[in-house]
Amino acid sequence: MPLNASTAPPFVTVLVRGLLAGLIAGLLAGTFAYVAGEPHVEAAIAIEEAASAHTEPVAGAHDHEDALVSRNGQRSGLFLATGLFGAAMGGLLATAYVLLSRRRRSYDDGRSALLLAGAALLGAVIVPFLKYPANPPAVGDPATIDQRTVTYLLMVVLGLVAVWAGSLGYRSVGAQAPLWQRAAAAVGGFLLVTVVSYVVLPSFQEVPADFPATLLWDFRLASLGTQVVLWTGIGLLFGALMHHDRRRRTAAALPST
């Protein structure tokens, strides 16, 4: 039984559920990153330190310089960062859930939450990743970090626009059209924006020729896997919380016998 406007949960309630789901999913993603990604980070740092040792004119010239944050501190901070990031993303997902509530044709909260999380994963993670895949610490020119950051953020925005274009294409065909036509229109709209973005935005080829290819791609896959765990967790947890809340409110709205 669908809820009407009077029994729908207030925005604050939805937001709190999104923040909670995001926090838990962020900690899960941090655990995945620690297990699957940290060994590759350590290997990349070892390569970087070995290369620096060969280029320093005086051996041990920088031994007195301590890192701003130790590796142990970075490992601990990983869970803090992913937890806070997950909570922020959960809050954004909850906001989008409320804003799009009138356009959703399904009252299945789990399905709606997973669709929103999947759209965010596709637009904000996968589309940018295929253009600008993550690189380990030993890869990248410090002189281009500002340009790379700006273009990556722009790619995130364009990735979300591509998802919106796909959704618009799906709806523009009409509800009476065959499913394959609506799917084709969605894919066409998505690919149009994505391909144009890939062509227009610059590329950065900064991976050293002697950098181990296996280590590079293992790191990238671990980075992508962390995001998949994060957004899948947010979708599942937020959907479960909203489904439980809907059942409770629906039961409360039924006339007592």
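The accessible surface of the chain amounts to about 15300 Å², and carbon and sulfur atoms contribute 68% of it; areas were computed by the Shrake-Rupley method with a 1.4 Å probe, and for residues only the protein chains shown count as cover. The model is predicted, so local features require pLDDT of at least 70 and side-chain atom pairs pLDDT 80 or more, while totals for chains, interfaces and linings use all residues. Residues are numbered from 1 along each chain as its sequence is written, and side-chain values use heavy atoms, with hydrogens and water left out.

The chain contains 6 helices and 0 strands, in the order α-α-α-α-α-α from the N terminus. Helices (H or I, at least four residues) and strands (E, at least two) are DSSP runs, numbered from the N terminus. Of the 257 residues, 33% are buried, where buried means under 20% relative accessible area, exposed over 50%, and partly exposed in between (1.4 Å probe, protein chains only). Among contacts (heavy atoms within 4.5 Å) between residues at least 6 apart in sequence, 87% join residues at least 24 apart.

The largest nonpolar core comprises 21 residues, and Val14, Tyr97, Leu230, Trp231, Ile234 and Phe238 have the most contacts inside it. Such a core is a set of buried Ala, Val, Leu, Ile, Met, Phe, Trp, Tyr and Cys residues joined through side-chain atoms within 4.5 Å. Helix 1, helix 2, helix 3 and helix 6 each give two or more residues to this core, and helix 3 supplies the largest share, 7 residues. A second, separate core has 8 residues, including Tyr132, Ala165, Val193 and Leu201.

Ala165 is also among the buried residues of helix 4, together with Thr151, Met155, Val156, Gly159, Ala162, Gly166 and Gly169. These buried residues pack against helix 3 (109–131) and helix 5 (179–200). Helix 4 (residues 145–172) has 28 residues and spans 40 Å from its first C-alpha to its last, close to the 40 Å expected at 1.5 Å a residue; the expected span is 1.5 Å times one less than the number of residues. Gly174, with a positive phi near 110°, follows helix 4.

Rings of Phe, Tyr and Trp (its six-membered ring) pair if their centres lie within 6.5 Å; planes under 30 degrees apart count as stacked, over 60 as edge-to-face and the rest as tilted. By this rule there are 3 aromatic pairs. One of them joins Tyr34 and Phe79, with ring centres 5.9 Å apart and planes at 40°, so the pair is tilted. Tyr34 belongs to helix 1 (residues 11–55) and Phe79 to helix 2 (residues 71–99), 45 residues apart. Tyr34 is partly exposed at a relative accessible area of 38%, and Phe79 is partly exposed at 28%.

In the pair of Tyr97 and Phe238, the ring centres are 5.2 Å apart and the planes lie at 85°, so the arrangement is edge-to-face. Tyr97 lies in helix 2 and Phe238 in helix 6 (residues 213–253), so this pair ties together parts 141 residues apart in sequence. Both Tyr97 and Phe238 are buried, Tyr97 having a relative accessibility of 4%. Tyr97 is also 8.0 Å from Ser112, C-alpha to C-alpha, at a sequence separation of 15 residues.

The charged end of Arg220 sits over the ring of Trp217, 4.8 Å from its centre. The criterion is that NZ of Lys or CZ of Arg is within 6 Å of the ring centre and within 35 degrees of the ring normal.
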